[in-house]
Amino acid sequence: MVDIEQINPRNQAALRAWWEVGRAATADRPGNPWPAWEQTRVSLPADNPEGAVTVLAAIDGREMVGAGLLMRPLRDNLHSATVDAYVRPDRTREGIGRRIVDELEVVAAGDGRRTLHGEVFVPPGATGTGPEGFAEALGYDIASREAIRELAVADYLQRHDRLVDAAAAAAAYRIVTFDTVCPEQHVASFGRLLGMLFDEIPLGDLDLQASAWTPERIRDAEQRQVGIGRHVLTALAIAPDGSVAGSSDVRVNETDTAHGQVGITIVDPDHRGHRLGLALKVATHDLALATYPGLLAVATSNAEVNAHMNAVNEALGYRTIETLLELQKQL
Ligand SMILES: CC(C)(COP(=O)(O)OP(=O)(O)OC[C@H]1O[C@@H](n2cnc3c(N)ncnc32)[C@H](O)[C@@H]1OP(=O)(O)O)[C@@H](O)C(=O)NCCC(=O)NCCS
């Protein structure tokens, strides 16, 4: 008899068992799909001003066999929530995944969330895979397709001189870099740029709306990252008039400084066509390497239709390792 229970992420023994289920369920994926235990141990229980989490476990006797996570955004898109489900590979096809998602949907609906999002990862271009079958059986549609790409730092270094030459086309802009905490003189303008994000990135059919990033919201989000040991290594492009025209970041967790993850990249539509995307990415990757000389690989994900971003990533040396299907269900 399998029970579905909420667990308190501050209960470390339960959280560790939960983390092990997720690690086992993602072990066959390429790249670095599951965080280090030390990262989960610190980040899941920590307060997050951007989102509230509910952690679920499927328990059979004394063993945890399934894991679920619901994330409810608190500062924007209050109509939505994100669901994740993982089942230990030796216990799939018993209905455990369905029961976890059903329970996550009950919690989401109870909080007035009517649009649910989820993600499944499949080999590049594959169709008819198990995770897709699961998503379909539970009534989730594919709202967007993204490519997960990974950059081997050795490949990047080989191309570095040519990339720096190409980025010189952005010389009219000043590049400012920082670790996580934005310099005060740029924070308001940076917030204006972040507010454009959901209007500017290709979202497919995803039901997500743009929202305001006040300086207070930026400062709260920064403090959360500082608190969980995540370094958001950021570059801003400053236009001649002093405004922030573009930004990009690479995130590195203190618990695993061999791997980075690209966060948000955005160039203001008024400033496109000056190779700012490339210049910003070169700046963040150089900063990440200077800060963490042991860095081996950086991962990123972008909509397959996002031609400009994909061209920049290919120039840097990123290679596709997986396809990410963004799922959506209206309750
Ligand atoms: C996807 C996953 C959660 C499924 O868990 P599960 O407990 O096996 O799922 P269930 O037994 O509840 O399956 C429910 C239905 O989904 C469909 N389904 C599940 N796995 C499938 C597969 N491999 N192929 C085809 N259909 C599948 C079936 O219709 C199934 O019903 P059935 O077994 O009666 O035919 C599990 O395989 C897993 O942890 N994968 C890695 C993480 C992941 O991809 N999570 C999903 C994104 S949130």
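Predicted model: local features only at pLDDT ≥ 70, side-chain atom pairs only at ≥ 80, totals over all residues.
**Arg91.** I get 18 C-beta neighbours inside 10 Å for Arg91, so I log Arg91 as partly exposed. The cut-offs behind that call: buried needs 20 or more, exposed needs 12 or fewer, and partly exposed is what falls in between. I find Arg91 in the loop between strand 4 and helix 3. Leaving out residues up to four places away in sequence, I see Arg91 touching Val65 and Ile96. I also checked Gly66: 25 residues separate Gly66 and Arg91 along the chain, while their C-alpha atoms are 8.3 Å apart.

**Ligand shell.** Next I looked at what surrounds the ligand. I have 19 residues around the ligand, and those that come nearest are Thr92, Gly97, Gly130, Gly133 and Ala137. Which element gives the most to the shell? I note helix 4, with five residues. I see at least two shell residues from each of strand 4 (80-87), helix 3 (96-110), strand 5 (115-122) and helix 4 (130-137). Sorted by class, I have nine nonpolar, six polar and four charged residues in the shell.

I traced an open sheet of twelve strands with mixed pairing, and I wrote the order down as 1-2-3-4-5-12-6-11-10-9-8-7. At the edges I have strand 1 (2-7) and strand 7 (174-179), each pairing on one side only. I then zoomed in on one pair: strand 10 and strand 11 run in the parallel sense and share three bridges. There I find His259 standing opposite Ala297 of strand 11.

**Helix 10.** Last stop was helix 10, residues 307-316, where I list Met309, Val312, Asn313 and Leu316 as buried. Why do I put them on the same side of helix 10? Because they cover an arc of only 95° around the axis. On the face turned away from that buried side, I find Ala307, Ala311 and Glu314 exposed. What do the buried residues of helix 10 pack against? I noted strand 6 (141-152), helix 5 (153-167), strand 10 (259-267), helix 9 (276-291) and strand 11 (297-303). I see helix 10 lying across strand 6, strand 10 and strand 11, and I get about 160° for its run relative to strand 11. After helix 10 comes Gly317, and I jotted down its positive phi, near 115°.

Definitions and conventions
Residues numbered from 1 in each chain as written. Near = placed C-beta within 6 Å. Helix = DSSP H or I, 4+ residues; strand = E, 2+ residues; numbered from the N terminus. Nonpolar A, V, L, I, M, F, W, Y, C, P; charged D, E, K, R; others polar. Arc of directions from axis to C-beta. Contact = placed C-beta atoms within 7 Å. Pairing = 2+ DSSP bridges. Axes fitted to C-alpha atoms, helices over the stretch in contact; angles between N-to-C directions.
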